[in-house]
Amino acid sequence: MASGGMPVVIDRDGLQALINALVRRAYQVMGPTVRDGAIVYDEIDDVGALPRGWTEHQQPGGYRLERRDDEALFGFTVGPHSWKRILHPPVETLWATHRGDDGMTVIPREDRPYKYAFLGVRSCDLHAIAIQDRIFRGAHALYTAYEARRRDAFLVAINCGEARATCFCTSMKTGPRADAGYDLCLTELVDPMRHDFLVEVGSGIGADVLHEIPTRPTSDGDLAAAKAAVQNAVEEMGRALKTEGLKELLQLNLEHARWDDIAGRCLACGNCTMVCPTCFCTTVEDHTDLTGERAERRSRWDSCFTLDYSFMQGGHGVRHSTRSRYRQWMTHKLANWIDQFGTFGCVGCGRCITWCPVGIDITEEAAAIRAAPHVAKGEAA
């Protein structure tokens with residue numbers, strides 16, 4: 001089947017066959033599973049590991065799993081994990097040294113090739129991966145460790161049939177239907193009479209893999225059901241963000257009183273940056289074992305909310321206050337990122353809203369500044 005050809009349908013056994021086909025091709029299959037009261041991404045080799053019959057309730061500052069009234073395998077949106085945890089791990093050894101009889105030996109990092117297959121990538125996360133590709137695989141910089149993990153990644157997208165109270169992907173034009181960036185794309189079709197998946201092909205290798213799986217042709221009913229599922233997600237969208245003129249609005253309102261209001265609530269915990277699928281800030285740390293024989297230099301996720309992140313030589317930092325740090329994060333995501341990378345740094349997944357301990361809502365804060373800008377409205381339009 002060629003890329004972009006007529007969709008086909010598989011059942012749950014066909015989904016297992018897809019996993020088996022990827023394993024045969026030496027892919028390490030990563031997919032959603034339930035652990036510690038949340039839906040997270042981990043290695044799987046069986047459909048039984050997927051969150052069958054589970055969904056989640058999300059609200060500002062709140063997340064909990066709930067049972068569904070069906071056995072949907074992808075009847076949720078996104079949890080605290082994003083695929084960034086695999087492509088750009090939280091902690092990574094850059095190089096190490098070992099002291100032996102002949103002195104110190106430097107052990108460079110080995111950027112060995114990986115073969116990951118991601119099962120169940122939401123459209124918002126596909127766009128997040130594309131954003132990180134611009135950062136780590138750009139024309140002027142190449143992060144070789146990221147490239148080693150990303151190069152051969154096989155992406156199986158899943159179109160959303162539902163949305164949560166914190167979702168706003170339609171505002172960012174990043175979902176709920178996957179439009180590009182995948183090898184195969186699934187739409188789950190579940191009702192009392194069946195449990196199927198409509199499959200669309202997005203690449204040549206996707207077509208090759210699909211040839212190894214038993215399928216059946218689509219009917220008009222299958223296509224209508226898939227379209228209705230995505231439309232349901234659109235109608236359930238819990239948030240909206242007006243993006244027209246947003247970059248200029250934020251850049252012209254750096255002294256808006258709303259920043260003080262946010263600072264009065266923000267804990268500067270950095271949760272929003274940790275769960276964000278596009279944030280990429282890191283710091284570098286040196287570690288030595290107790291024997292003094294081995295030392296490592298590690299890269300670790302950091303956050304613009306930490307006081308040390310803006311620390312410079314001489315003991316000075318440029319963002320001492322919570323106000324300045326939240327303003328930096330939000331204006332970077334929704335304004336300055338465009339200057340750097342040509343796109344918003346936000347994909348509307350809503351994780352930052354859900355996992356903020358005090359429920360700060362980026363869409364609400366942007367709307368508040370838009371409602372009472374400190375500059376003339378004509379200047380910020």
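**Figure 1. Asp36 in the loop between strand 2 and strand 3 (38-43).** This close-up, like those that follow, is taken from a predicted model. Although Asp36 is not a glycine, its phi is positive, at about 55 degrees. The residue counts as exposed, because its relative accessibility is 74% and the exposed class begins over 50%.

**Figure 2. Pro32 within strand 2 (residues 28-35).** The relative accessible area of Pro32 is 0%, and the residue is therefore buried. When neighbours within four places in sequence are left aside, the contacts of Pro32 include Ile39, Val40 and Tyr41, together with Ala49, Leu50 and Pro51. Phe74, Phe76 and Leu119 are also in contact with Pro32. Asp208, by comparison, lies 176 residues from Pro32 in sequence, and the C-alpha atoms of Pro32 and Asp208 are 24 Å apart in space.

**Figure 3. Thr174 in the loop between helix 5 (169-172) and strand 10 (184-191).** Thr174 has a relative accessibility of 5% and so counts as buried, the limit for that class being under 20%. Apart from its neighbours within four places in sequence, Thr174 is in contact with Ser123, Cys124 and His127, as well as with Cys169 and Val347.

**Figure 4. The cis peptide bond between Gly175 and Pro176.** Omega for the bond that joins Gly175 and Pro176 is about 10 degrees. Pro176 is placed in the loop between helix 5 and strand 10, and Thr174, shown in the previous view, has its place in the loop between helix 5 and strand 10 as well.

**Figure 5. Ala268 in the loop between helix 9 (258-263) and helix 10 (271-275).** Ala268 is a residue other than glycine, yet its phi is positive, with a value near 55 degrees.

Figure 6. Along the principal axes, the C-alpha atoms fill a box of roughly 70 × 65 × 40 Å. Of the 381 residues, 51% count as buried, and of the contacts between residues at least 6 apart in sequence, 72% join residues at least 24 apart. The accessible surface of the chain comes to about 17300 Å², with 51% of this area belonging to carbon and sulfur atoms. The chain carries 43 positive and 51 negative charges, whose mean positions are 4 Å apart.

Key:
Residues are numbered from 1 along each chain as its sequence is written. This is a predicted model: local features need pLDDT of at least 70, side-chain atom pairs count only at pLDDT 80 or more; totals for chains, interfaces and linings use all residues. Side-chain values use heavy atoms; hydrogens and water are left out. Helices (H or I, at least four residues) and strands (E, at least two) are DSSP runs, numbered from the N terminus. Buried means under 20% relative accessible area, exposed over 50%, partly exposed in between (1.4 Å probe, protein chains only). Contact means heavy atoms within 4.5 Å. Accessible areas come from the Shrake-Rupley method with a 1.4 Å probe; for residues, only the protein chains shown count as cover. Lys and Arg count as positive and Asp and Glu as negative; His and the chain ends are not counted. The place of a charge is taken as NZ of Lys, CZ of Arg, CG of Asp or CD of Glu.
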